[in-house]
Amino acid sequence: MSHAAFPYEPYALHGDALREAILRYASNPLYLDNEEWENSDNPYRRQLRPQVLRHLDFDRTPGRDQVLEYPSLAAHRLLTSIYEADLVFLPQSGLSGKWEDFTGYYSPTNRALGEAVRPALERFAFGFLDQEVEVSGKWTKESFASYVESLDPYGRAEASLSEKAILGSCDRERAARMWLIQFAPDFLSEASPMIRNVLGHYGAPQSEWFKIIIDEYGYGVHETKHSRLFEDTLTSAGLQTDIHRYWQYYLVSSLMMNNYFHYLGKNHELFFRYVGALFYTEATLVDFCRRAASLLTEVFGDRADVRYFTEHVHIDQHHGRMAMDKLILPLIDACGEEIIPEIVRGIEEYRVVQEIADQDFAAQISWMDRQPEYRKLHAPVWDAIRSGRITPPVADIVEPYGELSNTHSHEGDELCHIVSGTMKFVSGFDSYEILEAGQGIVIERNRLHGAIIESEECVYQIHSVGDYRACLS
Ligand SMILES: [Fe+2]
Ligand SMILES: [Fe+2]
Ligand SMILES: [Fe+2]
């Protein structure tokens with residue numbers, strides 16, 4: 001059995017054909033920019049910034065050092081939209097006025113166009129894992145058992161970078177809300193990716209997996225369905241619960257985490273990787289949820305409804321063991337030790353994705369917290385440009401009142417300089433600076449941001465400085 005190489009290579013679209021197919025998919029009006037920061041009870045609207053997609057090259061495999069760049073954000077937004085056409089979402093307030101969006105999102109055209117580009121986008125989005133994870137050598141049940149033991153998945157881990165960032169933030173509630181928003185794509189449709197794996201016929205492990213799903217669905221009691229519990233967590237933190245309301249605030253790595261499970265679940269040649277990733281996520285969720293519950297209680301006090309997390313401390317000890325004893329080990333017995341490298345690969349890949357997400361979120365909180373500093377950096381960088389000491393490429397932009405630059409990021413640092421008018425510069429959920437004529441801000445590479453014009457007109461410049469620190473000397 002070969003475990004190397006990305007499985008889709010021969011079948012994926014390439015070059016111009018790929019670019020055109022992506023543009024066709026994203027030409028659905030559902031994917032146009034929003035005039036508001038949040039979607040409003042409309043699960044079908046997902047801002048894909050189609051106007052930018054024509055400039056992006058998805059016909060390559062970015063390395064790990066590039067997976068936070070804008071093309072990856074664009075790819076993960078696309079993939080989320082494509083995968084979720086398999087999921088049923090209805091607006092909380094009914095379909096009145098949204099029937100066209102409903103049928104447009106679930107239309108054969110939208111589905112077929114999405115499926116056509118999915119393999120290439122998956123190669124783009126997850127191909128780097130081939131380089132990151134090496135699972136070679138001969139594996140046996142014994143070596144697998146000692147590998148799993150060395151992972152200590154049920155052990156107490158120290159607080160993640162993200163958790164430290166929240167507790168150390170100058171606005172802990174805002175940071176915690178930004179954090180909860182990152183989980184919404186996953187937790188509000190919890191277990192949907194894994195349901196893809198209980199279709200078919202493969203013996204006793206199939207029924208065991210089904211039991212896990214029944215738990216996630218609260219045994220059919222809606223009030224105890226895990227996604228329902230998470231809605232209460234969101235509400236208690238002052239957030240709303242409609243699907244993808246906060247689409248523009250998702251970080252690339254948060255979408256990557258969620259898409260990873262859809263990617264494994266949608267492509268059954270990766271079934272055994274899913275089994276590995278399932279075990280690891282269920283097992284490590286025990287300690288994670290324990291820490292999350294106490295973190296939210298520390299930040300929000302008794303207001304925080306943390307039942308979502310306390311429920312998982314209990315149930316996921318169970319799920320981790322079920323994944324090992326009732327899924328993994330019986331599958332190895334039934335299919336042979338050749339499947340072990342795939343199981344290990346699922347565990348290791350998920351660990352890489354998790355690490356990327358943790359670093360990305362912590363960096364975003366730092367970016368939000370340090371907005372006043374980035375604002376002050378405008379002066380010396382602008383000085384270097386005005387004096388002609390540096391001559392980076394510049395874009396001159398004029399925008400009318402209310403124009404909203406939907407959230408995005410850049411591959412290098414940029415200086416935003418306001419010539420006239422007023423801009424509200426947004427760096428995360430509930431995080432913004434008001435910039436007036438003569439002022440500006442340094443925009444750090446790969447950091448999510450957007451802007452809205454608050455004067456009748458705003459004239460501003462974007463200087464692509466590359467690395468702002470090089471402009472300071
Ligand atoms: Fe759950
Ligand atoms: Fe679980
Ligand atoms: Fe920008």
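**Pockets, cavities and a helix pair**

Modeller: The lining of the largest pocket draws at least two residues from each of helix 8 (161–167), helix 9 (172–187), helix 10 (192–195), helix 13 (252–266), helix 14 (271–300), helix 15 and helix 16 (340–369). Helices here are DSSP runs (H or I, at least four residues), numbered from the N terminus. This is a predicted model, in which local features need pLDDT of at least 70 and side-chain atom pairs count only at pLDDT 80 or more, while totals for chains, interfaces and linings use all residues. Residues are numbered from 1 along each chain as its sequence is written, and side-chain values use heavy atoms, with hydrogens and water left out.

Biologist: What makes a space a pocket, and what makes it a cavity?

Modeller: On a 1 Å grid over the protein atoms alone, a cavity is a set of points where a 1.4 Å probe fits but cannot get out, whereas a pocket is an open set with protein on both sides within 12 Å along at least five of seven lines. Lining residues have an atom within 4 Å of a point. A volume is the space filled by probe spheres set on the points, which are joined across faces, edges and corners. The largest pocket has about 1,300 Å³, and of its 50 lining residues M257, T284, F288, Y350 and Q354 lie nearest the centre. Helix 14 gives the largest share of that lining, 10 residues.

Biologist: How do you know that the second largest pocket lies between domain 1 and domain 2?

Modeller: Domain 1 (15–126) and domain 2 (133–369) both contribute lining residues, so the pocket lies between them. The domain bounds come from an automatic or database domain assignment. This pocket has a volume of about 440 Å³.

Biologist: What places the largest cavity between two domains?

Modeller: Its lining takes residues from both domain 2 (133–369) and domain 3 (372–471), so the cavity lies between them. Among the lining residues are L251, D360, S409 and R447, and the volume is about 60 Å³.

Biologist: Why is helix 11 called roughly antiparallel to helix 15?

Modeller: Helix 11 (residues 204–216) and helix 15 (residues 307–335) pack at an angle of about 170°, with their axes 9 Å apart. Helix 11 is therefore roughly antiparallel to helix 15, as angles over 145 degrees count as such, those under 35 as roughly parallel, 65 to 115 as roughly perpendicular and the rest as oblique. Angles run from 0 to 180 degrees between N-to-C directions, and axes are lines fitted to C-alpha atoms, for helices over the stretch in contact.

Note on methods. Chains lettered and ligands numbered in written order.
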